[in-house]
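Try each task before reading its solution.

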Amino acid sequence: MFGNLFEEEEEEEGFSSTSSKGRVAKGGDEPPPPRGRSSLCGIKNQGGTCYLNSLLQTLLFTPEFREELFSLGADELGCLEDKDKPEAKVRVIPLELQRLFARLLLVDQQSASTADLTDSFGWNSSEGTNQHDVQELNRILFSALEHSLVGTSGSTFIHRLYHGTIVNSIVCKECGNVSQRQEDFLDLTVCVCGVSSLEEALWTMFVEEELFEGNNLYRCAQCNRLVTAAKSAKLKKLPPFMTMSLLRFSFDFAKFERYKETGRYSFPLTINLRPFCEQTDGEDSDYTYELFSVIIHKGGCYGGHYHAYIRDIDELGQWEPPEEDCKPKTQKKVREEVKKVCESKLQEDDPLSVLTAIIAQESSKSVLLDQLGQKLMDKIGSSWSRKFRKHYGPIGKFLQSHNEVFLLVSNGTRVALKTNPSSPVTEPPGPAEQTTNSDPAAAPNQEASEQQLGPNQKSESKPEGSHWFDLNDSTVTSIRESDIEKQFQGKESAYMLFYRKTQLHRPSEALNDPQYKIPSHLIQMAQEENLKLQQMREEFEATNNTVELRLHLAPSYKLENGALQPVSRDSDGSTALSFDRRKTVGDLRLAIYQMQELWEGDMALTVAKSLPAGLHLYNTLTDDTVSLYSAGIYTNTDLFVWNGREVCGGTVQTGAEWEPVLLTVVRPFLGENVEQEVEDGAECEESKGGFENGGPGLKREARGFAGGATLGEVKEALGEPKESLLCQEHKGGKRKEQGAGEGGGASGWRVFPPDDMQRTLKELSLKDGDALLVLEPQSFDSSVFTRSGDVVTVTTPSDCRWLQVEFRPHVKGGEGEKEEERKKIKVPATGNMLLSEVKQRAIEELQLQEQTPGKILSNAAVHNHLKYTSTLKFVKLIKCMHKKQDLMLFCIFISLQSNC
């Protein structure tokens, strides 16, 4: 059941040379946390070892047991370093138990591991995950220790501390002959079923007599016949420590199943066993015991959880009143009323109000980030994504943007309030931030505790019997002595009781001294482990608190299009810097000064962000005493280093309201007067430069503008005359990608009314990527742009359904040119039609001679599609003689229509 716990018994005189195998210590990047506020160490649960942890903690807080164990030296137990040597005789179980107790007392960690100890038991991995009965483990562990310590000075200490004797007597009613039999015990198993208290169960066991009469007679050896007799039991020898195992589990023979007794079963804090003893002529102190440990079982008969209530006899821990007992009843009542008022005033549409209320209602004034969403759902009945994300973004970004209210603590895993709300009965607390504490999460708890106790209560001595703790695996918390009464009944109730004689007094030097009677080599081991843990924590904190910053130096930037742009296109202008976020803004400023030896004058550090339009500045870090953590600086934060006034002579607008917007400025791409160019023999060339052609008839240019700039200022920045129109793409209009499909549809644009010229881009809800069409009045002379009210329709060759071809023959005369009658025809066409097809159709419709020499204007390839011929616009099909060459030119005048 408990693996090979008796493995050492098989070796000569209880020695063992078996090494632990198969267990790999679990390590992680994060070091174990230090002890909590109780200053006591818990024990890690291996998966199902809560019963073992509860028993080990009870033995640890039995001072006489641990001192007997520590008194055994290496000359008797051997050395763990030699356990793999065949000739070495090492008593592994007591050595591992010594080490575990030393770590629990001296090593600064929240919880210790029992892996090495259970390895010495011979347990495999499954034994650590399977739960067993703690009463049975207590007997097996004591037996294993006794066998392991055979031949040492400690071979009898279990017997001396826990061994007692019961004498069972049968008295013949006929002759008075007494037959006695002694029975040894390490713990007393007492009944729970049918009795209501420990005293009643002991009375039934050791005071009441069982009569042998009727059909159940006793055979008296002296009378040599069946006689009436009385059977009884008494405690003959009382041990210094009395362990009571309660029979909580019973068997229902009617249902053929086990069940747990959950009825009320009381037990005293102090008990006098004189009525239950054979010898009763001693002093009261010889029979009086006081309770110091209660192992509790929570659950049913087929599974559950164990933890222990233990009295810290040597006062090694820091006891403080439990949180629920710290506040006076009147104070609780007032705070409840304040809470109700706050809840009634809660504005569910304001995320700042909701989140503040949620965190303020927590006792620790902080909430785990991964639990904040669920608490929000419980509070308002809706998730963050559904109610607030659209307007406020992700919840993490919202918390960071309101760093004047919220503070991320515990390495960013919890969120707390920077200031706690005041109440009618308490003074307003100070900031939750505590720069001297390495664990920011401890600040709110510590501060709240100080407020609740008050200055007078701090100086008061602790109440008598107050050093009780609940040791629940890795967690250790203070409890009241009165809390023990809660374990009298229910599914969570007492399972084992540990009493010690009141005669056992502790020496004064043992109080508050965890090193008392611990061997020097174990103290040295603990000191080395503490040093190693401290180094690990420092390294971890340094690594975990190191943020990667991107510094943008002002000399590397210029102000352009409402945003900061790098001077050099080959570099983004940033410099990487690794820095400890626990340090202050002043420390960062000094570090940058040292990096930039040539920097002169003031230095301002402003949080920046790379936007599509360029780099934009937000809040400037002005308080040099604030840590980067409190200032909301995290990894990959951009910081702009400048003088705080201007960049390259230009004033920089900062803040969210001035965030630049990257707009796509769309203009007509009409070229020069093509007809005149043809007549003059010029060629129309495709536009060059940095523009991205947005399709025939339009050209696009990306331009950034400050979000706080008005539309009129944008118009002025574009260099447009006052009569020019600015248009925004119409929401209901069709928009096809360039070159998509046959033909295509025209795009619609809405003209900004004059009143909008005084509104800012932010007020007009213009965002990155939005298009802005700029039209001069003469643009409407072409068929590409048509206006109807405040809607402008743009139709390009990609949108055409037919072409209007005009035939204008020119004949070169002696004194001048004579113009023949012009002809106009419609040629069906689509954007995917080749120019050669257009030419052929026009010649056929105009009944011109195909062999007539001619060419397409601008040397455009006749195999190009219409939608790609952005240079052929407003060109006429002309029959003319060139001034310098006897050559017929065929030119196309395109009148575009989207429907015909």
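Two strands pair if DSSP finds at least two bridges between them. Helices (H or I, at least four residues) and strands (E, at least two) are DSSP runs, numbered from the N terminus. This is a predicted model, where local features need pLDDT of at least 70 and side-chain atom pairs count only at pLDDT 80 or more, while totals for chains, interfaces and linings use all residues. Residues are numbered from 1 along each chain as its sequence is written, and side-chain values use heavy atoms, with hydrogens and water left out.

**Exercise 1.** Work out the strand order of the open three-stranded sheet that contains β18, and find which helices pack on this sheet.

*Solution.* 
- Step 1: the order is β16-β18-β17, and the pairing is antiparallel.
- Step 2: β16 (366-368) and β17 (406-409) are the edge strands, each pairing on one side only.
- Step 3: three bridges link β16 to β18 (residues 414-417), and Val367 has Val415 in β18 as its bridge partner.
- Step 4: helix α13 (residues 369-380) packs on the sheet and touches β16, β17 and β18 (contact means heavy atoms within 4.5 Å); its direction makes about 100 degrees with that of β16. For such angles, axes are lines fitted to C-alpha atoms, for helices over the stretch in contact, and angles run from 0 to 180 degrees between N-to-C directions.
- Step 5: helix α12 (residues 351-360) also lies across β16, β17 and β18, running at about 95 degrees to β18.

**Exercise 2.** Find the residues of helix α19 that are buried, and the strands they pack against.

*Solution.* 
- Step 1: buried means under 20% relative accessible area, exposed over 50%, and partly exposed in between (1.4 Å probe, protein chains only).
- Step 2: in α19 (residues 585-595), the buried residues are Val585, Gly586, Leu588, Arg589, Ala591 and Ile592.
- Step 3: these residues pack against β22 (546-553), β25 (574-580), β26 (604-611) and β28 (638-642).

**Exercise 3.** Is Phe256 buried or exposed, and where does this residue lie?

*Solution.* 
- Step 1: Phe256 sits in the loop between β11 (249-252) and β12 (257-260).
- Step 2: Phe256 counts as exposed because its relative accessibility is 65%.
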